[in-house]
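Me: Please take me through this model by question and answer. I would like the cut-offs stated along the way.

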Amino acid sequence: MTFMADVHSNAAAAAVARRKVLERLRTTDGIFRGLTLSSAYFVLILLGAIFASLVVGGYLAFKTFGLSFLTTEVWNPVTEQFGALAAIYGTLITSAIAMLVAVPISIGIAVFLTELCPMALRRPIGIAIELLAGVPSIIYGIWGLFFFAPMIQQYVQPELIATFKNVPVLNQMFAGPPYGIGILTSGLILAMMVLPFVTAVCRDVFETVPPVLKEAAYGMGWTTREVVRNVVIPYTRVGIIGGVMLGLGRALGETMAVTFVIGNAHRISGSILAPGTTISATIANEFTEAVGDIYTSSLIALGLILFFITFVVLALARLMLMRIEKKAGA
């Protein structure tokens, strides 16, 4: 009887101990879940607070100028006439130039690092790309103003003007005197800044391709170019688009480097060699000197427009990724 009583007593004690352990685990798991959930809500609250502050700050500009704020090129603090069209145009054009230049080069570098580069060079080149991504934007701006822009003015822009002056469609795009600074120069500087980010993402996703797929393709007699085109890129297309969108987000919001080399002219020109401006450059140049409520509100409204442009670009990218993933799973 004593033995059976001891058995029951030990079983009851073990059950109590298990319940305590389970309760402790439930408590800690609940705390962890609450912390992670609150972190997620904090991001949404922070995003909403930023959006609300921009809406409140830019309300006066939109109330004063209406939709003409988006369609007017004039930016005159003296007469308090403000329009965002020139800044929007410069932001989109410089970002487009940057992506057109950076994306092919970035994918090429990533392919070289993962498929063709000798093992002894992979790590040094990879470290160099990561260091390039860590260079502050103001360093790009100073280098662009004092070295890159004069080189563009002396060697590149005259050749572009002479080459395309008799081409009906492109002569206006490359017309005008070679200033050195301008939309093209700022787009190329942005391309240099975007390149390491896109390259790093593409390199990482290329390394996720199962070796058996590439070995099977090589076993069929395919060349490296065919393997990359038909195996590597299709397998990693979602990651590539993600890297491109990451670079585009960096290009749209870049400030200091563009401010140094774009010329900061509030006008729209058909030539990409002419000076221009972007939303970020306008805010950086003029916010500390803004006098009056309408001037300050117009600059905040520019920030709201940039916020909206970035949101739309990222949303479209997400929809594109969802469609690609859906087709891949079909």
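Charged pairs and helix packing

Me: At 14% relative accessibility, does Arg203 count as buried, partly exposed or exposed?
Reply: This is a predicted model, in which local features need pLDDT of at least 70 and side-chain atom pairs count only at pLDDT 80 or more, while totals for chains, interfaces and linings use all residues. Residues are numbered from 1 along each chain as its sequence is written, and side-chain values use heavy atoms, with hydrogens and water left out. Buried means under 20% relative accessible area, exposed over 50% and partly exposed in between, with a 1.4 Å probe and protein chains only. At 14%, Arg203 therefore counts as buried.

Me: How far apart are the closest N and O atoms in the salt bridge of Glu130 with Arg203?
Reply: A salt bridge requires a side-chain nitrogen of Lys or Arg within 4 Å of a carboxyl oxygen of Asp or Glu. For Glu130 and Arg203, the closest N and O atoms are separated by 3.6 Å.

Me: How many residues apart in sequence are the parts that Glu130 and Arg203 tie together?
Reply: Helices (H or I, at least four residues) and strands (E, at least two) are DSSP runs numbered from the N terminus. Glu130 lies in helix 4 and Arg203 in helix 6, so the parts joined by this pair have a sequence separation of 73 residues.

Me: How does helix 4 lie relative to helix 6, oblique or roughly parallel?
Reply: Axes are lines fitted to C-alpha atoms, for helices over the stretch in contact, and angles run from 0 to 180 degrees between N-to-C directions. Under 35 degrees counts as roughly parallel, over 145 as roughly antiparallel, 65 to 115 as roughly perpendicular and the rest as oblique. Helix 4 (residues 119-133) and helix 6 (residues 183-206) pack at about 135°, with axes 8 Å apart. Relative to helix 6, helix 4 is therefore oblique.

Me: Is the crossing of helix 4 and helix 6 left-handed or right-handed?
Reply: A crossing is left-handed if the near helix is turned anticlockwise from the far one by less than a right angle, and right-handed if clockwise. The crossing of helix 4 and helix 6 is left-handed.

Me: Which residues of helix 6 make the contact with helix 4?
Reply: Contact means heavy atoms within 4.5 Å. Helix 4 contributes Gly126, Ile129, Glu130, Leu132 and Ala133, and the partners in helix 6 are Met192, Pro196, Phe197, Thr199 and Arg203.

Me: How many residues apart are Glu115 and Lys214?
Reply: Glu115 and Lys214 meet through their side chains in a salt bridge of 3.1 Å, N to O. Glu115 belongs to helix 3 (residues 85-116) and Lys214 to helix 7 (residues 211-219), so that distant parts of the chain are linked, and the separation is 99 residues.

Me: With which residues is Ser186 in contact, leaving aside its neighbours within four places in sequence?
Reply: Ser186 is placed in helix 6 and is buried, with a relative accessible area of 1%. Apart from neighbours within four places in sequence, Ser186 is in contact with Thr94, Val258, Val261 and Ile262.
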